[in-house]
Amino acid sequence: MMRGLGELESTIMDHMWTIKQPASVRDVLEHLREDRPLAYTTVMTVMDKLHTKGLLRRRPVGRAYIYEAVSSKEAYTADVMRESLSRSGNRAATLVHFLERLTPEEASALEAALRVYPPGSRGA
């Protein structure tokens with residue numbers, strides 16, 4: 001479960017990020033019902049909340065809405081990471097603790113990312 005999202009919100013967003021295309025509440029409901037019974041109104045309410053949180057955009061089609069993810073899962077995760085870091089009392093210490101906990105695969109991914117986007121490349 002992602003920080004800031006409930007279980008059903010995370011499940012819906014994971015589905016929206018996976019399909020990478022607009023979907024109706026009914027489309028999402030049919031996918032979710034493969035794993036568990038849910039009411040249409042439950043999914044509709046959660047998708048409306050995700051729209052209010054700025055994670056989904058919607059447009060009316062007939063009497064319903066079609067929803068799509070505002071950004072990628074990776075962009076959302078990066079925003080969550082930045083928000084967590086900004087709330088820490090000591091950013092340097094927080095980053096050191098984060099680095100200490102990286103798996104070898106995660107450390108390799110970080111090294112690859114730093115080669116693509118080296119520190120200081122944003123310009124001052």
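The structure is a predicted model, in which local features need pLDDT of at least 70 and side-chain atom pairs count only at pLDDT 80 or more, whereas totals for chains, interfaces and linings use all residues. Residues are numbered from 1 along each chain as its sequence is written, and side-chain values use heavy atoms, with hydrogens and water left out.

The mean pLDDT of the chain (the predictor's confidence in each residue, from 0 to 100) is 92, and 95% of the residues reach 70 or more. Among the helices and strands (DSSP runs numbered from the N terminus, helices being H or I of at least four residues and strands E of at least two), confidence is highest in strand β1, residues 23-24, at 98, and lowest in helix α4, residues 73-87, at a mean of 91.

Side chains of opposite charge can pair when their charged atoms come close. Six salt bridges are present in the structure, a salt bridge being a side-chain nitrogen of Lys or Arg within 4 Å of a carboxyl oxygen of Asp or Glu. One of them joins Lys53 to Glu9, with the closest N and O atoms 2.9 Å apart. This pair links distant parts of the chain, since Lys53 lies in the loop between α3 (40-52) and β2 (56-61) and Glu9 in helix α1 (residues 7-19), 44 residues apart. Lys53 is partly exposed, at a relative accessible area of 45%, whereas Glu9, at 9%, counts as buried.

A salt bridge is also formed between Arg58 and Asp48, for which the closest N and O atoms are 2.6 Å apart. Here strand β2, which holds Arg58, is linked to helix α3, which holds Asp48, the two residues being ten apart. Arg58 is partly exposed, with a relative accessible area of 26%, and Asp48 likewise counts as partly exposed, at 30%.

In strand β1, Ser24 is buried, with a relative accessible area of 14%. Leaving aside neighbours within four places in sequence, Ser24 is in contact (heavy atoms within 4.5 Å) with Tyr65 and Ile66.

Methods:
Buried means under 20% relative accessible area, exposed over 50%, partly exposed in between (1.4 Å probe, protein chains only).
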